[in-house]
Amino acid sequence: MTSSLTLAPAPSSEAAENVRAEVREFLAAERDAGTFTTHVDTWLSGVDPAFSRRLGERGWLGMTWPEEYGGHERTAMERYAVTEELLAAGAPVAAHWIADRQSGPNLLRYGTEEQRRAILPRIAAGECFFVIGMSEPDSGSDLASIRTKATRTDGGDWVVNGAKVWTSNAHHSHYAIVLVRTGPPGEGPRGRHQGLSQLLVDLSSPGIAINPIRILDGGHHFNEVVFDDVLVPGDMLLGEEGAGWHQVTAELAFERSGPERFLSTYPLLAEFARRVADAGDAAALACLGRLSARLLALRQLSLRIAAALDRGELPDVPAALVKDVGTTFEADVVAEIRGVVDVPASLDSPDPLGRALAEAQLHAPGYTLRGGTNEILKGIVARGLGLR
Ligand SMILES: Cc1cc2nc3c(=O)[nH]c(=O)nc-3n(C[C@H](O)[C@H](O)[C@H](O)COP(=O)(O)OP(=O)(O)OC[C@H]3O[C@@H](n4cnc5c(N)ncnc54)[C@H](O)[C@@H]3O)c2cc1C
């Protein structure tokens, strides 16, 4: 037994392993300089724009994008190695996470040349942050029922009215990609998917109010975002008018498949592994064995999806599967470790295991909800397998 749990090298290229080593060296230097300490679930709650900028300077944002848009033309496996190391270290990556993971790829796929040139290089530099404007107070799982509306002005601009909710980090971000109704729904069971569009909305626009919603530990990570006659220039339509449902589906494949869907609680697991190595307790060792085996299987699945995305495929069904089993695993890490250690969970604990347990427990209700609930994901998988 080693003194810490480390992820085995990915079955990938030498280039990926080289960049993995560089990231580990960078993270060790950052830790030594005191710029961050490890926390659980930092891809949601660890906002540090200066840290994001330093990643941008290293070329670790927009890694797979074309150079003409500020990207670095690296492989998906190299990007995977970077994101995995940042998550495993519990580094403060939340500021740029959504822009790098899904908004940038969405812009690359559907954006106009002007939109790409104006925004992508800033995302890759770690200077421009995005939020997801999908959920509404009465529309979460049933996303097609959204009521936020955009109407065209005579001059071809849009006026947006409505409200989005659970909008992670809107108070730190520059743009939202907002799903809006721009036309009436069509006929039939899938008719509701018609008439939806995506708009790129500058969050500093007049008429936008960003109201905090606090989570169990008191932290402010997500918000309600209210749009009151917000004017959005006509050239900020993303993709095609009326094709919003198809575009959102493509975006969700990026949102659901990454290693953050099973590594949010990895810092807790790593701390537990260190403790188990010292104590040699049989029940704890068995628990570590069970959790590690599940982690390694999940990682193989997630790596294969990363490779499919790299090939330009749209692996929405496997992405739903990895998110379902991955987030169940994240919650199980907390419950199983609590079952075998006698350490009080407290945010103020002097013991790093007690602190990590408290952070993981207080964030746990969100793991299986964010990005689509596990019940909804099971439905997607069942339909994808032709089961209903
Ligand atoms: C930490 C966190 C961050 C988030 N960040 C964002 C963000 O940045 N942007 C954003 O747009 N959204 C965000 N969300 C919102 C998230 O996507 C929604 O919470 C999620 O889609 C569920 O919607 P809801 O909360 O309205 O629940 P509901 O849709 O009301 O569901 C309630 C319960 O009913 C179940 N249910 C609903 N329909 C069905 C069905 N057809 N079959 C079986 N069961 C069903 C659900 O599984 C769930 O258990 C975030 C959520 C969390 C927790």
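Predicted model: local features only at pLDDT ≥ 70, side-chain atom pairs only at ≥ 80, totals over all residues.
Me: Into which domains is the chain divided?
Reply: The assignment divides the chain into three parts, and the boundaries are given here in residue numbers. They are domain 1 (14-129), domain 2 (132-243) and domain 3 (247-384).

Me: What area do domain 1 and domain 3 bury between them?
Reply: The centres of domain 1 and domain 3, taken over C-alpha atoms, are separated by 20 Å, and the contact takes 24 residues from domain 1 and 29 residues from domain 3. Carbon and sulfur atoms carry 59% of the area buried between these two domains, and that area comes to about 2,400 Å².

Me: How many salt bridges are counted between domain 1 and domain 3?
Reply: Polar contact across this interface involves 14 residue pairs, both residues of each pair being at pLDDT 80 or more. On the side of domain 1 that touches domain 3, the residues by class are eleven nonpolar, eight polar and five charged. For salt bridges between domain 1 and domain 3, the count is three.

Me: Which elements give two or more residues to the side of domain 1 that touches domain 3?
Reply: Across the interface of domain 1 and domain 3 there are 14 residue pairs in polar contact. The elements that give two or more residues to the domain 1 side are helix 2 (42-45), helix 4 (76-88) and helix 5 (94-110).

Me: With which residue does Arg 299 form a salt bridge?
Reply: The pair meets the salt-bridge cut-off of 4 Å between a side-chain nitrogen and a carboxyl oxygen, since the closest N and O atoms are 2.4 Å apart. The partner of Arg 299 is Glu 84.

Me: How many residues apart are Arg 20 and Glu 17 in helix 1?
Reply: Arg 20 and Glu 17 form a salt bridge whose closest N and O atoms are 2.9 Å apart. Both residues lie in helix 1 (residues 14-32), and their spacing is about one turn of the helix, namely three residues.

Me: What separates the C-alpha atoms of Leu 108 and Trp 65?
Reply: Leu 108 has its place in helix 5, and, not counting residues up to four places away in sequence, Leu 108 touches Trp 65, Pro 66, Tyr 69, Arg 116 and Leu 120. Leu 108 and Trp 65 are 43 residues apart along the chain, and the separation of their C-alpha atoms is 8.0 Å.

Me: Which residues come nearest to the ligand?
Reply: A backbone N or O atom of Ser 135 lies 2.7 Å from an oxygen atom of the ligand, while for a backbone N or O atom of Met 134 the distance to a ligand oxygen atom is 3.1 Å. Of the 17 residues around the ligand, those that come nearest are Ser 135, Ser 141, Trp 166, Thr 373 and Glu 375.

Technical notes
Residues numbered from 1 in each chain as written. Heavy atoms only, no water. Domains from an automatic or database assignment. Contact = heavy atoms within 4.5 Å. Buried area = accessible area lost by both parts, 1.4 Å probe. Polar contact = N/O pair within 3.5 Å; in protein donor to acceptor, adjacent residues only side chain to side chain. Helix = DSSP H or I, 4+ residues; strand = E, 2+ residues; numbered from the N terminus. Nonpolar A, V, L, I, M, F, W, Y, C, P; charged D, E, K, R; others polar. Near = heavy atom within 4 Å.
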